[in-house]
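Here is a short briefing on one protein model. Look over the sequence and fold, then read on.

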Amino acid sequence: MKKVLFVLPSHDQLGNTGQKTGYWLEEFASPYYEFVDNEFDVTIASPRGGKPPVDPKSLQPENRTEYTKRLENDKTVKEKLENTLVLNEVSPEDYDTLFLPGGHGPMWDLSQDKGLKNLVEKFYNNNKIISAVCHGPAGLIQAMDKNGDSILKNRRITGFTNDEEEAVKLDKTVPFSLENKLKELGGKFEKSENFKPFVVNDGQIITGQNPASSFLAAKKVVELLR
């Protein structure tokens, strides 16, 4: 049985707006079920462990999907989400692949978490598949290869775009532009239409542009690990 490690954020504040953030439910739910339905064993971790915050906007009726609805009645996954592992206590050797969902939370904590940096580097240096969707690639920006270069240098990559950030009116709230950062690190940034499914696979790194890309990113992981 293949084992996948999800890493969710522990950060729950949307800058200084007074609003809450966290991970985006669909970006967790659809990949989770794609893995489970293909008999992967799923573990969830977060910087602080325990229950990671979910972005309240992702719970609104217009953002519900078949996967988030399925999750609502799934006691197993609910228990996992209530009791995520502490990120620093996770051993990358125990897992075959790493998956980073988005939501705005990762922009604040996963972008700076040293435990995640070390984890990503170990997955990378052991040639394991690393996936990140929407704002999830923020969790990859610290990681370096054995030569001291960004693991994203010269990689085709995508993530939540500047246009999409402006569309949701959070371009002045986020601590940095994800698109610009990925380009600064040498990534060959690609994008499609706003909020349309778009996934890029370059070697062992798979990235998705936005929430609509989450399922396809997980599906690509399953294909590569079969």
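In S4, Leu-98 is the bridge partner of Leu-5. Strand S1 (residues 3-7) pairs with S4 in the parallel sense over 3 bridges; two strands pair if DSSP finds at least two bridges between them. This is a predicted model: local features need pLDDT of at least 70, side-chain atom pairs count only at pLDDT 80 or more, and totals for chains, interfaces and linings use all residues. Residues are numbered from 1 along each chain as its sequence is written, and side-chain values use heavy atoms, with hydrogens and water left out.

**Sheet**
- Helices (H or I, at least four residues) and strands (E, at least two) are DSSP runs, numbered from the N terminus.
- The open sheet has 7 strands in the order S3-S2-S1-S4-S5-S9-S8, with mixed pairing.
- Strand S3 (85-86) and S8 stand at the edges with a single partner strand each, so one side of each has no neighbour in the sheet.

**Helix H7**
- H7 (residues 214-225) has 12 residues.
- Its buried residues (under 20% relative accessible area, 1.4 Å probe, protein chains only) are Ser-214, Ala-217, Ala-218, Val-221, Val-222 and Leu-225.
- They cover an arc of only 140° around the axis (taken from the directions from the helix axis to the C-beta atoms), which puts them on the same side of H7.
- The buried residues of H7 pack against helix H1 (25-37) and strands S4 (97-100), S5 (129-133), S8 (199-202) and S9 (205-208).

**Ser-111**
- Ser-111 lies in the loop between S4 and helix H4 (114-125).
- Ser-111 is buried, at a relative accessible area of 7%.
- Leaving out residues up to four places away in sequence, Ser-111 touches (heavy atoms within 4.5 Å) Pro-106, Ala-138, Ile-141, Gln-142 and Phe-176.

How values were computed
The expected span of a helix is 1.5 Å times one less than its number of residues. Buried means under 20% relative accessible area, exposed over 50%, partly exposed in between (1.4 Å probe, protein chains only).
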